Structures are given as structure tokens and as C-alpha cells.
Amino acid sequence: MNTDEQDVWGSADVSSGKDAGDENFPVGSLLISRRLRPHVHAYYDFARVIDDIVDTDQLDAPAKIARLDAMEEVVLGKRLAPPRADAQTAVRVGQTLRETGVPTSTATDLIVAFRQDAVKNRYDSWEELEEYCRYSANPVGRFLLELHGEDAGTFGPSDALCTALQVLNHLQDCADDLSGLDRCYLPRPWLEQAGASIDDLRGRHASPGLRRVFNHLLDRVDELNRRASLLPGLIRDRRMRMEAAVIVGLSKRLARRLRSEDPVAGRVKLSRGDVLAALAGAVRTLV
């Protein structure tokens, strides 16, 4: 590897140490067929690495973008990857996309979002947040649907579900995102209208104004989840239908928890009971 290549890849280990077990929702679970599970894990590993790249404090914004650009070129087969774990995730997801025929945009769109995270840390409208989710979250659902050979009629409800999940994650992590990354996804005009400020996220508990903003976002999430409820009924593959039904159920349950619990005081999480109830509800989709 020449000096220019070394400069792009760098030597910093940016891994967060997180894996599929750290997620709220199933990642390549047993509901996915054994044949397809390796492809799902290849996609998840790639997504985790590029997320870690943009969230590390060991790289500045230009270095993050340069490394993300290099990862994209590896996915597209335009650049050889060095024999290191992070770069090899781009090799594997590129192989998965070529083998399965799933569009490369399901991987490269994620990079669009993470490039934005490298330089943008405030949002001025719900529409800006939705546009971010279009690249940061919606490609994940489309990857799974394309992998299972589902048709484009599933994409709209899937996009609604993925956007809902992303906003829920922003709410779960709102205090940590600000303290650790100086990043806030709450629309600033909503904060102003509620008599709140971004600095309220630094408190021990959510202020009344901040609670109003959370509830406003959860109103939008509830609408997205209503649209997402159509998704399982549109999916032909029985395993994928079950997976989607479980995730819709978990999304609704997490939204309810965030209505009644305070994400500033501590991370709001799904319980084992939530998971079991979502599984029980999903079984009905198979009848």
C-alpha cells in the first residue's frame, strides 16, 4: 500500500465494539433463512463499520469523509481494500450485492448519510430529518426486501418503518449524542416553539418543553408505524413476513415506552416482555 493509500485508510482503530446484540431489533435473526443470513450479517458488519468511522473522535471531518469514500469505492469494485478488518467489510458487502443482485445503492446510500453526519450536527425541520433517514435507515429495509425477492410495493411501508426506527433511536440516544458527538437531531424550530433548548438535553431529566418536543416526534412516529403496519401483509416470504411483523411490533412498543419514560434520565429500552409480546403478535401474520 503506497503512502497515499495509507493516508486514506489511516491506522486508527475506530471500532465501537458493538455487534448485533447491541441493537433494539433483530439483525439476521433465526427468522431469516440460513441461506440468506450470511448476506444480512455482511451488510450489518459494513453498516456498523461506516457508522463507527463517522462517530469516532480519532478522525477529523475530512479524514472521515476520505475513509468513507474509500469504503464506497471498495463496495463498487473501484478500489482494492487493504487486508484489515474494517476495509474487508466493504469487500464482503460488495460480494453480497454482486451475488444476490441487490442494488448497490442499499449500501452506498448509507455512506451518503454518514458523510452528512461528518459535517452536519443540527437539524432545522422534520423534512431535513426525514431526508437524513431516507439515506441512513430506509436502505436497510430495502436491502432485506430485495434480498428476499419482494417487489417494489413493499418499499413505501418499509421506508415508513425504517424512518420510525431511526427517529426512535435518535430519541433513545438524544442526550448521549449531544454529550459525546455534539450532534442533535431534534428540529431546532420545534425546540424554540416548545420553549426548550438543545442545552436541556444536558440536564438530569427532560424539561417540560423538551417533553413536548419528544411527544411531537412520537406523534410522527405513530403515523409512520401505522403505515408500516401494512408491510407484513405485503411480503410473500413467510420468514421475512414474520421478521417484519416482529419489528413493527417492537417499534410500536418502543414508541409507547418513550412516551412514558425519560430518555434524558437514562436510555429507554425494550424489555424481554416487549420482545415476547411482539413475537406472539407476529405469529398471527402466518395464519
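## Basis of the model

Because the model is predicted, local features need pLDDT of at least 70 and side-chain atom pairs count only at pLDDT 80 or more, while totals for chains, interfaces and linings use all residues. Residues are numbered from 1 along each chain as its sequence is written, and side-chain values use heavy atoms, with hydrogens and water left out.

## Overall fold

The protein contains 14 helices and 0 strands. Both kinds of element are DSSP runs numbered from the N terminus: helices are H or I with at least four residues, and strands are E with at least two.

Of the 287 residues, 51% count as buried. Buried means under 20% relative accessible area, exposed means over 50%, and partly exposed lies in between (1.4 Å probe, protein chains only). Among contacts (heavy atoms within 4.5 Å) with a separation of 6 or more, 70% come from residues 24 or more positions apart. The protein exposes about 13400 Å², of which carbon and sulfur atoms supply 49%; accessible areas come from the Shrake-Rupley method with a 1.4 Å probe, and for residues only the protein chains shown count as cover.

Helix α9 covers residues 174-181, and its buried residues are Cys-174, Ala-175, Asp-177 and Leu-178. They lie on the same side of α9 because they cover an arc of only 170 degrees around the axis, the arc being that of the directions from the helix axis to the C-beta atoms. These buried residues pack against α8 (155-172) and α11 (208-228). On the other side of α9, Asp-176, Ser-179 and Gly-180 are exposed. Just after the helix, Asp-182 takes a positive phi of about 50 degrees.

## Salt bridges across the chain

The structure holds 23 salt bridges, each a side-chain nitrogen of Lys or Arg within 4 Å of a carboxyl oxygen of Asp or Glu. One of them joins Arg-236 to Asp-151, with the closest N and O atoms 3.2 Å apart. Arg-236 lies in the loop between α12 (231-234) and α13, and Asp-151 in the loop between α7 (138-147) and α8, so the pair ties together parts that are 85 residues apart in sequence.

Another salt bridge pairs Asp-173 with Arg-267, the closest N and O atoms being 2.7 Å apart. This pair links distant parts of the chain, 94 residues apart: Asp-173 is in the loop between α8 and α9, and Arg-267 is in the loop between α13 and α14. Asp-173 counts as buried because its relative accessibility is 16%, whereas Arg-267 is partly exposed at 35%.

Arg-226 forms a salt bridge with Glu-223, the closest N and O atoms being 3.0 Å apart. Both residues lie in helix α11, 3 residues apart, about one turn of the helix. An α-helix has 3.6 residues a turn, so residues three or four places apart point the same way. Arg-226 counts as exposed at 52% relative accessibility, and Glu-223 as partly exposed at 36%.

Asp-262 is found in the loop between α13 (238-260) and α14 (272-283). Leaving aside neighbours within four places in sequence, Asp-262 is in contact with His-205, Ala-206, Arg-211 and Val-268. The C-alpha atoms of Asp-262 and Phe-214 are 9.5 Å apart, although the two residues are 48 residues apart in sequence.
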